[in-house]
Amino acid sequence: MAITARTRLVNPRLGTYFGIFTAAFAALFVLALMFEQLGASDGLLRLLMFGGPIVLYAAIGLSSSATEARDFFACGRRVPAFFNGLVLGITALGGAGFLALTGSLFMIGFDAVCLSIAFYAGLVFMGVLFAPFMRKHGAYTLPTFLGRRFESRTVRIVAAAVLSVPILLLLAAEARFAAYAAAWLLGQSERLMAPLVVACAAGIVIAGGMRSLTWSSVAQAIAALLALAVPATIIALMVSNLPLPQMTHGNVLRIVTRAEIVNGVPIVLAPPLAFDFPGAGVEPLIKRFVQSFGSVGSLSFVLMSFVAAAGIAASPTLLSRSGTTPGVYEARKSLGWAVLVSGVVLLTLPAIAVYLRAMLLEQVVGQAGDRLPMWFQLLQQAGIASVEAKAQTVRLSAIGFERDAALFALSIAAGFPQVIVYLALAGALAAAMAALAASLMAIASILSEDVVHGLSGETASEAARVGTARLALLGAAFVTIGLAIALPADPLQLFLWSLTLSAATSFPVLLLAIWVKRVNAWGALATMFTGLVVTIFMMLLGEAGAVDTSSALAGAVGLPLALAAGLVASRMTPAPGRSALDTVREMRVPGGETLYDRELRLLRLKNRTQT
Amino acid sequence: MMERNERKPYWRHTKMQMLASLLPFVLAMIVLPLYAEALNEKRILGIPLGYFLACHGLAVIGFVTIAVFVNRQDAIDHWHGAHEDF
């Protein structure tokens with residue numbers, strides 16, 4: 001292989017390091033399994049499956065410390081496409097994808113597929129519309145990019161304020177999902193676990209910023225994929241002799257469909273704008289799995305796919321990763337890997353949902369209320385499942401189930417050793433922590449780069465910038481703990497609100513900044529302001545019941561209005577200056593030096609000659 | 001390094017590629033779920049066809065879309081001399 005500058009940037013031992021991590025994680029799991037068979041206490045097993053992986057992530061995070069700004073905010077721009085894609089795919093899914101989406105698929109079947117579609121569509125949109133241009137520009141945060149593109153400090157500060165809203169909602173949602181998984185893993189309360197998981201996520205990334213975040217998230221992504229694959233593959237082997245749950249759950253689905261017909265599960269057709277996703281508590285199972293538009297109406301299904309996809313594509317948390325690759329080509333390629341990784345996960349989740357539903361229909365539905373299988377009684381005692389007290393013979397509609405528990409309830413229902421249940425929880429915790437740490441890093445970078453140092457024109461020393469970001473990270477961690485404990489809303493609802501706000505604020509302004517040269521600073525301000533105000537107004541109307549649309553779909557109104565406002569405001573005000581147009585022209589061409597790096601280099605040179 | 005007079009054709013080519021990549025995918029995102037119920041009569045690998053196309057089909061279309069985009073856009077970059085100099 002020819003050694004080029006591009007290959008020299010990448011550490012050739014990355015595969016070896018993560019091979020060692022995978023072996024260590026697998027060894028930890030096998031060790032816990034052996035301990036369980038030898039009669040070790042349940043507390044020890046829980047501690048091993050919670051603490052073991054976190055010690056490994058922390059070791060990776062703390063050993064990747066960084067003192068230079070380029071390392072701290074962009075991982076030295078040397079993350080290979082595969083590793084960047086792996087992290088992007090798992091961070092996009094996070095705890096919401098692993099816990100809430102699995103549960104939603106289990107409870108409302110096909111209707112929850114709108115979120116699956118949104119995840120990989122969002123990554124496709126990001127790869128085609130934004131990521132290559134963000135990489136060529138090279139800014140560490142979205143507000144920095146917008147401030148430089150529109151040559152306006154006001155745009156930068158307004159963008160920092162506006163884009164912080166979806167990040168804070170995402171932080172609260174992922175902290176709640178991580179706390180939920182940790183609470184089940186350690187047998188403690190969620191309120192107690194929330195500060196612990198946020199402290200762990202912040203502690204892992206504080207030493208090296210984006211560098212620590214990248215390499216610890218690769219480890220978390222591997223752990224999450226293994227934890228998802230083990231129970232699903234074992235069940236696929238049991239039912240079809242093939243270790244491919246994604247392709248072989250068809251026969252089980254046929255059994256599920258037949259059982260639903262026999263048990264008289266009604267066909268319900270929701271109005272086009274209905275959007276009834278299951279909530280966080282125990283809720284009844286009322287819909288057939290394969291039937292479409294029973295809980296989510298046809299129009300809401302399509303709108304949700306697009307709004308959530310736009311939210312993911314322009315997510316400030318995910319887009320800040322595009323600057324970490326060695327070049328524009330790698331930035332594009334990393335999105336290809338991200339779509340592949342998220343696609344594999346998103347095809348495994350329906351298989352898990354189908355297997356659990358089949359077990360419920362075969363072993364619980366139609367049984368006498370006092371002769372339920374042991375695993376279901378265990379779920380009832382744990383508060384995960386319930387049956388209507390007066391039911392003599394159990395019907396599907398009489399069963400209630402906790403949405404977020406479906407992922408690990410499958411291992412309980414299949415009678416697997418307790419350690420496999422803890423493995424599923426450890427995987428969900430890893431995914432939620434990856435998303436949580438990425439959001440913490442995004443908001444800390446914005447606070448440091450755009451709010452504190454952005455006002456003084458980038459002349460601060462590297463040590464000051466990194467130090468401020470570390471302090472901002474600690475502050476963001478405290479705020480997240482407060483939000484996770486104080487916000488009473490369902491974490492999936494918080495996640496959807498974050499996506500809808502990101503779709504209405506970040507997506508239109510980025511689209512205009514990159515693809516429409518004529519848009520100026522006034523247009524950018526009008527876009528963000530309109531998107532934020534209209535979406536929050538629609539969300540409030542939706543929550544108050546004044547309109548038929550769900551608050552999660554508010555972005556469908558905010559996004560087009562924000563685009564229109566940006567275009568109109570730009571037309572009514574003077575065209576952008578020559579240097580702003582030059583920035584746009586250069587950003588659109590992959591070749592040449594990264595714009596932000598060149599700007600900082602020239603600034604340093606100027607400061608040196610002045611002194 | 002790209003010639004100055006290549007900028008406009010390069011950007012026109014890039015815009016066309018963006019539309020060619022996204023439009024079929026967006027169309028599939030709308031059409032496949034809406035017609036899922038009607039297609040569920042037939043089965044593939046035991047899975048109802050409409051459900052299979054909305055889950056597996058769209059995931060495959062998404063991956064093919066981004067893979068083809070990466071390949072074609074790189075070819076456009078090289079054609080116009082806009083590629084990175086490594």
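**Close-up 1. Helix α1 of chain B in the predicted model.** Running over residues 7–34, helix α1 of chain B has 28 residues and reaches 41 Å from its first C-alpha to its last, which is close to the 40 Å expected at 1.5 Å a residue. Buried positions in α1(B) are B:Y10, B:T14, B:S21, B:F25, B:M29, B:L32 and B:P33. These buried residues pack against α6 and α13 of chain A, and also against α2 (36–39) and α3 (49–79) of chain B.

**Close-up 2. The contact between chain A and chain B.** Chain A brings 41 residues to this contact, and chain B brings 40 residues. On the side of chain A that touches chain B, at least two residues each are supplied by α1 (5–9), α6 (113–137), α12 (250–262), α13 (298–313) and α15 (328–363) of chain A, with the largest share, 12 residues, coming from α15(A). Sorted by class, the residues on this side of chain A are 23 nonpolar, 12 polar and six charged.

**Close-up 3. The packing of helices α20 and α22 of chain A.** Helix α20 (residues 491–515) and helix α22 (residues 555–572), both of chain A, pack at an angle of about 25 degrees, and their axes are 8 Å apart. Because the angle is under 35 degrees, α20(A) is roughly parallel to α22(A). The crossing in which α20(A) passes α22(A) is right-handed. From α20(A) the contact draws on A:T500, A:L501, A:A503, A:A504, A:F507, A:P508, A:V509 and A:L512, and from α22(A) on A:G555, A:G558, A:L559, A:A562, A:L563 and A:G566. The contact of α20(A) with α22(A) has 10 nonpolar and four polar residues, but no charged residues.

Note on methods:
Residues numbered from 1 in each chain as written. Chains lettered and ligands numbered in written order. Predicted model: local features only at pLDDT ≥ 70, side-chain atom pairs only at ≥ 80, totals over all residues. Axes fitted to C-alpha atoms, helices over the stretch in contact; angles between N-to-C directions. Helix = DSSP H or I, 4+ residues; strand = E, 2+ residues; numbered from the N terminus. Parallel < 35°, antiparallel > 145°, perpendicular 65-115°, else oblique. Left-handed = near helix turned anticlockwise from the far one by under 90°. Contact = placed C-beta atoms within 7 Å. Nonpolar A, V, L, I, M, F, W, Y, C, P; charged D, E, K, R; others polar. Expected span 1.5 Å × (residues − 1). Buried ≥ 20, exposed ≤ 12 C-beta atoms within 10 Å, placed from the backbone.
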